[in-house]
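Me: I would like to learn how to read a model like this one. Can we take it feature by feature?

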Amino acid sequence: RNMTVHHNVIYNCGVSPLDDSQSNIAGFGLLLKGNGHYIFANTIMNANYSEICLPSCIEPYKPWAKQYPLRIQNTKQGTQVFNTVARFDLGFPCSCHNSSFLHLPGGNQTAIFNGTNLKLQDPTHMDFRPAQDSPLVDAGIEVPPYTNGFVGKAPDIGAYEYGGDRWIAGC
């Protein structure tokens with residue numbers, strides 16, 4: 001609960017179906033349970049199954065954990081997701097026991113890019129900065145203090161700011 005997740009590049013999660021017969025249901029980018037999270041300025045792409053998973057059902061009972069009362073996860077008032085590149089999971093296994101029609105992905109979601117043509121500088125060589133003509137540039141929203149220091153008319157969507165400092169993603 002109450003995590004802040006920002007300025008991450010998460011990509012190519014999962015393996016080839018040739019290597020793992022279960023890969024069509026494996027390979028999450030980011031999975032956050034609980035509530036009260038701030039998720040912003042992330043680039044999450046090319047996961048086999050889902051780039052971002054935010055279950056919104058009541059957390060399952062775990063007999064080994066002291067967790068009463070059971071709480072609803074990722075409410076619109078609790079978890080905030082903004083200025084992030086990701087496809088949201090709408091089905092099993094992320095949607096609370098395959099009930100996506102009852103429990104859509106949680107969180108208040110604003111300025112999310114889920115298209116396929118990100119127009120990044122050179123992702124093949126680990127340069128995930130947006131190109132000048134990228135749909136990510138100036139497409140985000142201002143959420144002080146989280147977006148302070150952006151370059152341009154508005155914050156960019158994703159981990160990198162066009163025209164901002166270049167940093168290398170990794171461990």
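Reply: Start with burial over the whole chain. The chain has 171 residues, and 43% of them count as buried. Keep in mind that this is a predicted model.

Me: Next, secondary structure. How many helices and strands does the chain have?

Reply: The count is 0 helices and 10 strands. Read along the sequence, the pattern is β-β-β-β-β-β-β-β-β-β.

Me: What share of the contacts joins residues at least 24 apart?

Reply: Take contacts between residues at least 6 apart in sequence. Of these, 61% join residues at least 24 apart.

Me: How far should I trust the coordinates?

Reply: Where pLDDT is low, the predicted coordinates should not be read in detail. Here the chain averages 79, and 74% of the residues score at least 70. Confidence is lowest in strand β6 (residues 50-53), at a mean of 79, and highest in β9, at 94.

Me: Over which residues does pLDDT stay under 50?

Reply: Residues 97-103. The model has 9 contacts beyond four places in sequence for that stretch.

Me: Which residues stand opposite Val81?

Reply: Ile39 stands opposite Val81 of β7. In β8, the bridge partner of Val81 is Gln109.

Me: Let us move to a loop. Where does Leu118 lie?

Reply: Leu118 is in the loop between β8 and β9 (120-122).

Me: Why does Leu118 count as buried?

Reply: The cut-off for buried is under 20% relative accessible area. Leu118 counts as buried because its relative accessibility is 8%. Now look at the neighbours. Beyond four places in sequence, Leu118 touches Met45, Val85, Phe113, Ser134, Pro135 and Leu136. Pro130 is 12 residues from Leu118 in sequence and 7.3 Å away in space, C-alpha to C-alpha.

Me: What does Thr147 touch, beyond four places in sequence?

Reply: Thr147 is found in the segment after β10 (127-130). Thr147 touches Phe82, Asn83, Ile141, Glu142 and Pro155. Thr147 is buried, with a relative accessible area of 8%.

Me: Last, the aromatic rings. How many aromatic pairs are there?

Reply: The count comes to 6 aromatic pairs. One of them is Tyr11 with Phe128, a tilted pair at 5.0 Å centre to centre and 45 degrees between the planes. This pair links distant parts of the chain: Tyr11 is in strand β2 (residues 9-11), Phe128 is in strand β10, and 117 residues separate them.

Me: Is each of those two residues buried or partly exposed?

Reply: Tyr11 is partly exposed, at 29% relative accessible area. Phe128 is buried, at 3%.

Me: Which residues do ring pairs link into a cluster?

Reply: Tyr38, Phe40, Phe82 and Tyr146. Here Phe82 comes up again, as one of the residues that Thr147 touches.

Terms used
Residues are numbered from 1 along each chain as its sequence is written. This is a predicted model: local features need pLDDT of at least 70, side-chain atom pairs count only at pLDDT 80 or more; totals for chains, interfaces and linings use all residues. Side-chain values use heavy atoms; hydrogens and water are left out. Two strands pair if DSSP finds at least two bridges between them. Helices (H or I, at least four residues) and strands (E, at least two) are DSSP runs, numbered from the N terminus. Buried means under 20% relative accessible area, exposed over 50%, partly exposed in between (1.4 Å probe, protein chains only). Contact means heavy atoms within 4.5 Å. pLDDT is the predictor's confidence in each residue, from 0 to 100. Rings of Phe, Tyr and Trp (its six-membered ring) pair if their centres lie within 6.5 Å; planes under 30 degrees apart count as stacked, over 60 as edge-to-face and the rest as tilted.
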